[in-house]
Amino acid sequence: MRASLFIILFAFLLSIVHSEKKKTIYLIRHGETNFNTDPVPRVRGRINVPLNDEGIAHCRAAGEFLANEKIGKVYYSVIPRAKQSAECIVEKHNTKVEMVEEPLLIDISWGVYEGKTYQEAFGDEKGGDYMFHPEKLNIPEGETFYSVMNRLRLFFIKFWESDEEECTIVSHGAITNILSLMFLQAPLEKFWSMYMSACGVSKIQMKSIYSFTVEYWNANHFLKKDYNKPSFNFRDLLEKRHSARNFLDKPIPEDTLRNIIKDSLLSPSWCNSQPWNIYVSSGESLNKIRKEWIEKTSQNVKGYGDVSPGHRTDFSKRSQSTMQEFFNKEGMSEEKIKIFENAANDLFNAPTVIYLTLNKGHTVYSVYDLGGIGFAIMLAAKEHGVDSVVAYQLITYPDVIRKYVNIPNDEDIVIGIALGYENEEHFMNQYRSPKLNVDDVCKFTN
Ligand SMILES: Cc1cc2nc3c(=O)[nH]c(=O)nc-3n(C[C@H](O)[C@H](O)[C@H](O)COP(=O)(O)O)c2cc1C
């Protein structure tokens with residue numbers, strides 16, 4: 001009798017346990033920015049600082065770490081570095097993931113302290129409170145820790161009441177600290193105890209609006225120190241680079257662009273003259289150029305270059321035959337050829353175009369040097385995860401470029417290189433140009 005009562009009780013408890021609602025939350029702190037690595041770090045809060053190269057690579061690594069997990073919708077804070085992090089994470093996931101901007105997840109406002117060094121903000125007696133009693137901290141024109149907690153609770157209420165079984169939160173250090181206190185029901189003075197590193201990933205089981213279990217916290221073993229180092233050897237890099245003619249609507253961080261140019265500047269040149277001038281156009285300036293480009297090409301306005309390529313019929317025999325070969329390629333319909341020919345009308349939808357110019361009166365060797373740095377830019381770009389196409393079609397209305405990019409009249413705009421993240425699904429980007437063999441072009445003598 002006793003035994004059967006015990007079994008019934010056990011089954012009853014088991015059924016309660018089984019019916020218990022449970023949801024999974026992945027929590028990720030955004031990737032590194034230059035504010036994190038600055039030798040004199042500054043208080044960020046709501047200031048917009050983009051991810052640096054390392055931050056982007058690390059977010060992609062976090063994305064790979066979670067690629068096969070059910071991560072639900074990705075809710076990110078409205079501050080752009082969180083969105084940028086979320087995009088890198090989602091990009092690596094093996095299923096299509098919905099991203100949702102969530103104002104409740106915004107970083108704490110550090111009010112008048114934002115942009116100041118930590119020494120300037122908390123260097124006096126406030127420093128003690130900042131470290132040990134954040135609950136006592138009065139942030140002028142800022143937000144209180146309790147108001148942050150309240151809005152985070154609102155987020156959990158919404159999530160709990162939704163039919164979602166899991167979700168991912170991409171937010172900021174102060175927010176992940178406060179969340180840790182909520183998960184552990186710990187007092188505010190423990191604010192710093194569960195600090196998450198940039199791109200750290202935590203997994204939490206939610207059992208009610210007030211009850212959480214931390215499955216793991218701040219996993220970051222996937223952030224190998226050399227993650228951002230070239231993943232290709234040189235031959236790979238050469239093979240992976242190809243002309244991409246349709247790019248995603250995704251800007252390239254300025255840091256990445258700077259690093260690409262910095263690498264390319266190692267190129268050789270005649271007497272080390274380094275004759276190139278480099279103009280990088282993105283954002284508004286490029287959009288204005290793009291708009292006029294679309295207008296002019298749609299009206300068939302004849303283009304011209306500062307440097308003439310000659311007429312099509314004057315192109316070398318090899319240029320003409322490779323062009324012909326391309327047009328005759330199997331599966332290349334009239335319609336597809338048209339798309340190829342018109343791909344540059346909107347500047348290939350690239351987020352950035354680099355214009356390479358030479359001072360007028362340049363010699364043929366300056367042109368040689370410019371070709372060298374052009375190729376270096378494309379290879380460096382690929383190494384930084386950025387695709388490219390070099391194109392004369394990008395410079396056929398030099399007056400339009402001059403209007404929005406400050407290029408003086410005594411420089412020739414010789415070539416443009418469009419940079420961006422290729423749309424891998426676009427048929428134009430799946431095409432690979434055939435290359436000649438060594439013996440087709442090279443004669444060895446001993
Ligand atoms: C100086 C130069 C000008 C080019 N102009 C164009 C162009 O106007 N439009 C275009 O789609 N591709 C242009 N290209 C890209 C070539 O078509 C491409 O490099 C070639 O077909 C080899 O393909 P790959 O880059 O994929 O190896 C140009 C390349 C060079 C070097």
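Keep in mind that the model is predicted. The protein chain has 446 residues, and 33% of them count as buried. Its secondary structure comes to 17 helices and 10 strands.

**Overall picture**

- Along its principal axes, the C-alpha trace covers about 100 × 60 × 55 Å.
- If you take the contacts between residues at least 6 apart in sequence, 81% of them link residues at least 24 apart.
- As for confidence, the chain has a mean pLDDT of 89, with 92% of residues reaching 70 or more.
- Residues 11-19 are a stretch to treat separately: pLDDT is below 50 there, and the stretch has zero contacts in the model beyond near neighbours in sequence.

**The sheet with β7, β8, β10 and β9**

- Four strands make up an open sheet here, and reading across it the order is β7-β8-β10-β9, with antiparallel pairing.
- The edges belong to β7 (277-282) and β9 (387-391); each has a single partner strand, so one side of each has no neighbour in the sheet.
- On average, and ignoring direction, neighbouring strands in this sheet are turned by 25° against each other.
- Six bridges hold the antiparallel pairing between β7 and β8, the strand at residues 352-359.
- To find that pairing in the model, look for Ile278, whose bridge partner in β8 is Leu356.
- Helix α11 (residues 283-298) packs on this sheet, where it touches β7 and β8. The direction of α11 makes about 85° with that of β7.

- β1 (residues 23-29) pairs with β5 (residues 201-206) in the antiparallel sense, over six bridges.
- One spot to look at in this pair is Leu27, which has Ser202 of β5 as its bridge partner.
- β5 also pairs with β6 (residues 212-219), again in the antiparallel sense, and here the count is five bridges.
- Ile204 has its bridge partner in β6, namely Val214.
- Getting from β5 to β6 takes a hairpin of five residues.

**Helix α3, an enclosed helix**

- The buried residues of α3 include Glu54, Ile56, His58, Cys59 and Arg60. Gly55, Ala57, Ala61, Ala62 and Gly63 are buried as well.
- So what covers these buried residues? The cover includes β1, β5 and helix α4 (80-91).

**Gly331, out in a loop**

- Gly331 sits in the loop between helices α12 (317-328) and α13 (334-342).
- With 7 C-beta neighbours inside 10 Å, Gly331 counts as exposed, whereas a residue such as His58 in α3 is buried.
- Gly331 and Arg42 are 289 residues apart along the chain, and 56 Å separates their C-alpha atoms.

Notes
Residues numbered from 1 in each chain as written. Predicted model: local features only at pLDDT ≥ 70, side-chain atom pairs only at ≥ 80, totals over all residues. Pairing = 2+ DSSP bridges. Helix = DSSP H or I, 4+ residues; strand = E, 2+ residues; numbered from the N terminus. Axes fitted to C-alpha atoms, helices over the stretch in contact; angles between N-to-C directions. Contact = placed C-beta atoms within 7 Å. Buried ≥ 20, exposed ≤ 12 C-beta atoms within 10 Å, placed from the backbone. pLDDT = per-residue confidence, 0-100.
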